[in-house]
Amino acid sequence: MDNMFGFADELGPAKIIHVYEPAIGLKGILVIDNVARGPSIGGLRIAPDVSANECFRLARAMTLKNAAADLPHGGGKMVIYGDPKMPLQQKQQIVRAAADSLRNEEDYIFGPDMGTNEECMAWVRDEIGRSVGLPEELGGIPLDQLGATGWGLMHATEVALQHLDFDLTEARVAIQGFGSVGKHSARYLHDKGARIVAVNDSRGTVYNQQGLDIEALFELKKLGKSVADFSGGKTLERDAIIAIDCDIWIPAARPDVIHEGNVQQMRTKLIVQGANIPVTEGAEKYLYEHGVLCVPDFIANAGGVICAAMEYKGATEHAAMTTIAEKVAGNTRKVLEISANDGIQPREAAVKMATDRVKKAMALRRWSLFSTAPHFL
Ligand code: NAD
């Protein structure tokens, strides 16, 4: 479609707002992609080098993720240009000024992202009352401490196994990354009877065919050590995790870790994507063609954003965890059914499901490309 931005299409973006306050060094951009399903939720990122185009792509990813999670929210993203490690006082001034400049932009709800955290969200809340991912003292639900995303991932895994010929209690699991997503995925899957045979972090891999002691690994990480320092398994180099013989492989570290150059090394039957875009398009196609089932990132790892949306509604921790389980399981089931019935990759099915939901909501708006009813004038 021809458009003024070079990247707009039938879904959005609805608005692009530049904010500039040279006196304190604030320079930022907000992209509100689509609000047909409700006000947009998306992270506030502080980074030196994000283009308007990239900000739009991140906002679009949130539109699809929120719709796929069936939340009453659209997608948006804000970037403030700067060093995320700037002095705290300066960061506070800039974040508060950014919030203030968007005081009336009620279609955007601030959330934490790279370079911002719960404290930053507290500053935004103090300025304009519109943020999620708050500290507990302000009614926040501590999603990383609870392992909200790992909890969702475990439910996605259980549903995916209905399409395969083995149970969780017989499964050998390898997990890349042992941070907030990886370690809680390990804990929840282990509690369900799975054997976690390998985990890694940025410094190395630890492997034990009999299964690793997850509690002991939690304790080790609390001491600031690497999983590769663990004595209850064999230490391997960091990327050895990719070729570990297992049944379930969970990426929970970085983008693009599985690509055309290493996908042939994988020896697994199921990949449940905890990290964002951990598998390149070409590698995901290869896996599909070779019978490896992949649950796409924005279906499997939606626990965090569901938790944030529940927090915004004032829900309890218990209600948030119950909703994550229901939504992630339900959406995984639906995506895998569409994929099986239509003979398409799960990612294509997930994008189709999310886009259809956005279009249906758009059809109910006053001006709509998708409405069959005459426009209200
Ligand atoms: P984190 O910083 O808590 O943990 C990251 C882990 O990955 C650490 O153990 C780190 O040592 C390890 N790591 C870094 N580089 C690595 C490498 N090259 N190889 C192996 N391990 C490496 O981060 P997190 O919150 O657990 O997030 C992990 C991923 O999941 C990110 O892509 C994030 O965007 C995505 N994600 C997180 C959430 C959430 O709720 N935290 C929700 C959705 C998606």
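The model is predicted, so local features need pLDDT of at least 70 and side-chain atom pairs count only at pLDDT 80 or more, while totals for chains, interfaces and linings use all residues. Residues are numbered from 1 along each chain as its sequence is written, and side-chain values use heavy atoms, leaving out hydrogens and water.

Stay on H5, residues 148-160. Among its buried residues are Thr-149, Leu-153, Met-154, His-155 and Val-159. The end C-alpha atoms of H5 are 19 Å apart, in agreement with the 18 Å that 13 residues should span at 1.5 Å a residue; the expected span is 1.5 Å times one less than the number of residues.

The shell holds 21 residues, and Thr-149, Phe-178, Ser-180, Val-181 and Ser-202 are the closest. Show the polar contacts, pairs of N or O atoms within 3.5 Å:

- Asp-144: a side-chain N or O atom is 3.3 Å from a nitrogen atom of the ligand.
- Ser-180: a backbone N or O atom is 3.0 Å from a ligand oxygen atom.
- Arg-238: a polar side-chain atom is 3.4 Å from a ligand nitrogen atom.

On its own the ligand has 830 Å² of accessible area, of which the protein covers 71%; areas come from the Shrake-Rupley method with a 1.4 Å probe. Helix H4 (143-146), helix H6 (180-191) and strand E7 (195-201) each give two or more residues to the shell.

Now select Phe-7 and Phe-56. Rings of Phe, Tyr and Trp (its six-membered ring) pair if their centres lie within 6.5 Å; planes under 30 degrees apart count as stacked, over 60 as edge-to-face and the rest as tilted. Four aromatic pairs are counted by this rule. The rings of Phe-7 and Phe-56 are stacked, because their centres are 4.6 Å apart and their planes at 15°. Phe-7 lies in the segment before strand E1 (15-21) and Phe-56 in helix H1 (residues 52-68), so the pair ties together parts 49 residues apart in sequence. Phe-7 is buried at 17% relative accessibility, and Phe-56 is buried at 6%.

Finish at helix H11, residues 317-342. Its 26 residues reach 37 Å from first C-alpha to last, close to the expected 38 Å. Gly-343 follows H11 and has a positive phi, near 65°.

How values were computed: Helix = DSSP H or I, 4+ residues; strand = E, 2+ residues; numbered from the N terminus. Near = heavy atom within 4 Å. Polar contact = N/O pair within 3.5 Å; in protein donor to acceptor, adjacent residues only side chain to side chain. Buried < 20%, exposed > 50% of the residue type's maximum accessible area, 1.4 Å probe, protein only.
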